[in-house]
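Dear colleague,

I am handing over the structure below, together with notes on what was found in it.

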Amino acid sequence: MKIPLNLGHNGNQTTSQAQAKVLERDILAAKQGDWNAKSNLVRTFTPLLTTLATKRATDINKINDYIEAGKNGVFTAAKKFKPGTADKFNLFVLDFIEKEMAGVDKGGGFFAKLFGK
């Protein structure tokens, strides 16, 4: 299933080249700690995060845990991504999202990581 990413600020899909520029700008700004760019990345990948979370669980609390973990995966991927290939970021980020969501099943939440199980 292909999930469209709305990368424009007006919510309309633009050309793929313009989408890649916006995505790359947000990735670079998120690396520097810009909260607006991080928010844009989360908004961009929310449909993907929601789809992956609902496939893993039916309980709304568990779905929210998966979505939060997925957001952390997006931020980690943005930190590690090399600029210049923003069109490949959609595949790159998926691995980080999956790893973070798998950590939820292992009890790998923030406090569990901080204080141990």
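The largest nonpolar core of this predicted model has 26 residues, and those touching the most other members are Ile 27, Leu 41, Phe 45, Phe 89, Val 93, Ile 97 and Met 101. Such a core is a set of buried Ala, Val, Leu, Ile, Met, Phe, Trp, Tyr and Cys residues joined through side-chain atoms within 4.5 Å, where buried means under 20% relative accessible area, exposed over 50% and partly exposed in between, with a 1.4 Å probe and protein chains only. Helices α1, α2, α3 and α4 each supply at least two residues of this core. Leu 41, if its neighbours within four places in sequence are left aside, is in contact (heavy atoms within 4.5 Å) with Leu 23, Asp 26, Ile 27, Ala 30, Val 74 and Ala 78.

As to conventions, residues are numbered from 1 along each chain as its sequence is written, and side-chain values use heavy atoms, with hydrogens and water left out. Because the model is predicted, local features need pLDDT of at least 70 and side-chain atom pairs count only at pLDDT 80 or more, while totals for chains, interfaces and linings use all residues.

The protein has 5 helices and 0 strands, these being DSSP runs numbered from the N terminus (helices H or I, at least four residues; strands E, at least two). Of its 117 residues, 35% count as buried, and among contacts between residues at least 6 apart in sequence, 57% join residues at least 24 apart.

The mean pLDDT, the predictor's confidence in each residue from 0 to 100, is 81 for the protein, and 75% of the residues score at least 70. Where pLDDT is low, the predicted coordinates should not be read in detail.

Helix α1 covers residues 16-31 and reaches 22 Å from its first C-alpha to its last, close to the expected 22 Å, a span taken as 1.5 Å times one less than the number of residues. Its buried residues include Gln 19, Val 22, Leu 23, Asp 26 and Ile 27, and what covers the buried residues of α1 includes α2 (35-56), α3 (60-80) and α4 (89-105). Glu 24, also in α1, is partly exposed, at 25% relative accessible area, and its C-alpha is separated by 8.7 Å from that of Phe 89, 65 residues apart along the chain.

The structure holds 4 salt bridges, each defined as a side-chain nitrogen of Lys or Arg within 4 Å of a carboxyl oxygen of Asp or Glu. One of them joins Asp 26 to Arg 25, with the closest N and O atoms 3.6 Å apart; Asp 26 is buried at 6% relative accessible area, whereas Arg 25 is partly exposed at 42%. Another links Lys 71 and Glu 68 at 3.2 Å, N to O, and these two residues are about one helical turn apart because they lie 3 residues apart in helix α3. Asp 95 and Lys 99, both in helix α4 and 4 residues apart, form a salt bridge at 3.3 Å between the closest N and O atoms.

Which side chain of opposite charge is nearest to Lys 38? Lys 38, in helix α2, is buried yet has no salt bridge, and the nearest such side chain, Asp 34, is 8.8 Å away, with Lys and Arg counted as positive, Asp and Glu as negative, and His and the chain ends not counted.

With best regards
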